[in-house]
Amino acid sequence: MLTTSCTHVTSFFFRIIPSQEKAQECLYKAFGYDWYFLRLRTTMEETSREAVATAVQRVAGMLQRSDQLDKVEQYRRREARKKASVEARLKAAIQSQLDGVRTGLTQLHSALLDVKDIQGSLADVSKDWRQSINTIENLKDVKDAVVQHSQLASAVENLKNIFSVPEIVADTQQLIEQGELLQAHRKLMELECSRDDLMYEQYRMDSKNTSDMNLISIYFEDVQGLSDELAKQLWMVLQRSMVTVRRDPTMLVSVVRIIEREVKIDRRMVDRKKQSGFIPPGRPKRWKDKMFEVLEGTVSTRIEGTQSVTREADKMWLVRLLEITRKYVLDDLIVVKNLMVQCFPQHYDTFNRFFGLYHNAVSSRVKELAAEDLEANEIVSMLTWVLNTYKSVEMMGHPDLASECDINALEALLPQDVVDDLLSKYVKTFTSNITGWLRKALETDKKDWQKETEPEADQDGYYQTTLPAIVFQMFEQNLQVAAQIDGDFKEQVLKLCLKQMNTFLIRYREEAVTYKEEHLRDRQLPQCYVQYMIAIINNCQTFKESINSLKRKYSQSSEPTDSDAAIERTLSEVAKEGCQFLLDEVFLDLEHHLYELMTRKWLTGSHAVDTICVTVEDYFNDFNKIKKPFNQEMTSEALRRVVVEYIKAVMQKRITFKNADERREGADRMIKEADQFKFLFRKLAAGEDTDRLCGAIAAIAEVFKLTDPTLLFLEVTTLVSKYPDIRYTHTRAIKGRSTSRRCWRCGATPAGKCGR
């Protein structure tokens, strides 16, 4: 077992040798040096001791209990089997290692013999080479003869073509004229090949002999003309490629095949130039690059040729131009996808190339249009088309194209600074235009105010003019246009509209005041002053509703702006002033009758109050055409002014009662007339203040009824508590000729020393 372990250790030692040379050295030592065996013996002894120690430890582990002594024989047989198995595996491993070493030594020996043979052969070759140097120098004449033979062979090979050059040139020219481009190109290649081979051989023989080179060039001078003529035909086909691919796609395929041939020839000639320094005249032709230039020019020409009319001939010229451009681009790209892609090699990436060409051409055309002096509506058409239509499903985002391209990767047709300039120009023009439109609309409405017929009424019967509809129709149209361009721009236009609306309403207010002043100069004109003033008031409500509608429809923000507050304030002022103007008209008619109040004539049986009530009711039949809430406010204001005028008549002491009976009669008449006012304004729905205001007249009448001066102070105090805005001068007028000098607030005597 120890011998086997040593053998195993030795085999393992050879396996861990780091290099081939070291392995050979160790093998030689293993087979030829005594000191190695000494080291091996020492190692084997150490291994034997370790094996014995391990065996003792293992036996001790198996015989720890007394009952295990009976199984000693069994343990011995089991260990013997394990030993035999291990020895068998070790023998197989050592045998395999030895076989490998034997094979390696055999191969090394064979390699050594081969190296020696090769070394000898190289020595013989070197010897022969030294001896043949002089022989090679003597073969220079042979080399020159070989070169001359090659040239003569090339001349003989092209002799037939050389003598038939005029005939081939004529045939090629005829084929080009007949449109047989592939055959024409084949003959052209034969001519060029003959010329190029002759020139190449001449260059190899004597590159400095330009006279012979010129002679060949002159003889083949028609070849270059044929090449140019063929190229013209190719470019003509490519320029009409959109038509050709529909009618005769084989023609387009032939053109592409010819260009591909030329690309290969160019590549071959360039490679030969790198080796020999010679390149034929006219090479490289670069027809492939020229083809793409022609296609680019064709696309640009097609886009530029879409303008059929000018601004002078048709105000919608830009809309027509953009629509024609959209249709041409879409139709052409669909043709490219379905037909033209099949005519070009796959590596051309034909569709994406054409897609880029059309995009660049459209971008250039749009930039040219943007640089012109566009009107406001043209700017809108342009930006709507550029920002929305271009990438929509109606054009570049069409479903038939979506699978072939990514529209999100397209660059913008117009730079952002150009778009901003156009928007700024539009805003400036729009501001100017809308100011003019609003001024014209107001002038038209002012003319309507002078008409002898009543204004139109809406479906609820309220008077109105066409001004709000005209104004907000203008706003609506411009906001719809702005919404097509951009959401932020829509907000900007809305703010601009509201700002212009505020300025317009200020002007509207001034014109309403002027209208009223002109009427006061001659109250007979205009005949429908009241009706149109009602319409002006109603227009304020319509304006307010329309503004809110526009904001809901076109604004994303619910926050109020400065313009909102200003518009609200101006509309309220116009409506209130209009109501005031109408009430002024009423009280101008009532002026004479109001002056009769609290006079001797009034006391003796005047019908002034009856007339006042009839007149007010008659006016308010027209005022029913005023929209809420203005009609309610106007009725309340009319009641207030009637009561004020009545109380003013009381305070002005137009009548002095002669006795208590007259005072009682006047008081009864005041109470009766207060009831008349109360009945009238309840009928007119003046509001909850009707009783309180009319009650002021009745309260004053109760003071007049007093016959006991001592109760006057108490009655006036009650009146003051009920109507706290009454003043001292009012109470003095009410008390009239009363002998009481008490203060009507604190009862102090005399009143002049009260201080209150």
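Analyst: Helix α25, which covers residues 630–651, packs against helix α27, residues 689–705, at an angle of about 15°, and their axes are 9 Å apart. Keep in mind that this is a predicted model. Angles under 35 degrees count as roughly parallel, so α25 is roughly parallel to α27. The crossing of this pair also has a hand: α25 and α27 cross in a left-handed way.

Now let's see which residues do the touching. From α25 come Leu639, Arg640, Val643, Tyr646, Ile647, Val650 and Met651. They meet Asp689, Thr690, Leu693, Cys694, Ala696, Ile697, Ile700 and Phe704 of α27.

Next, follow the chain to the loops on either side of α25. In the loop between α24 (608–623) and α25 you will find Pro629. The peptide bond that leads from Lys628 to Pro629 is cis, and its omega is near 5°. In the loop between α25 and α26 (660–683) sits Lys653. Its phi is near 55°, a positive value in a residue that is not glycine. Both details deserve a second glance, because most residues other than glycine have a negative phi, and most peptide bonds are trans.

Helix α13 (residues 287–304) packs with helix α15 (residues 350–370) at an angle of about 45°, their axes being 9 Å apart. That angle makes α13 oblique to α15. Here the crossing is right-handed. On the α13 side, the contact includes Phe292, Leu295 and Val299, while α15 brings residues including Phe354, Leu357 and Arg365. The residues of this contact divide into 9 nonpolar, 1 polar and 6 charged.

The loop between α12 (249–276) and α13 is worth a visit as well, as it holds Pro284. The peptide bond from Arg283 to Pro284 is cis, with omega near -5°. Arg286 is found in the loop between α12 and α13 too, and the phi of Arg286 is near 55°, a positive value in a residue other than glycine.

Definitions and conventions:
Residues are numbered from 1 along each chain as its sequence is written. This is a predicted model: local features need pLDDT of at least 70, side-chain atom pairs count only at pLDDT 80 or more; totals for chains, interfaces and linings use all residues. Side-chain values use heavy atoms; hydrogens and water are left out. Axes are lines fitted to C-alpha atoms, for helices over the stretch in contact, and angles run from 0 to 180 degrees between N-to-C directions. Helices (H or I, at least four residues) and strands (E, at least two) are DSSP runs, numbered from the N terminus. Angles under 35 degrees count as roughly parallel, over 145 as roughly antiparallel, 65 to 115 as roughly perpendicular and the rest as oblique. A crossing is left-handed if the near helix is turned anticlockwise from the far one by less than a right angle, and right-handed if clockwise. Contact means heavy atoms within 4.5 Å. Ala, Val, Leu, Ile, Met, Phe, Trp, Tyr, Cys and Pro count as nonpolar, Asp, Glu, Lys and Arg as charged, and the others, Gly among them, as polar.
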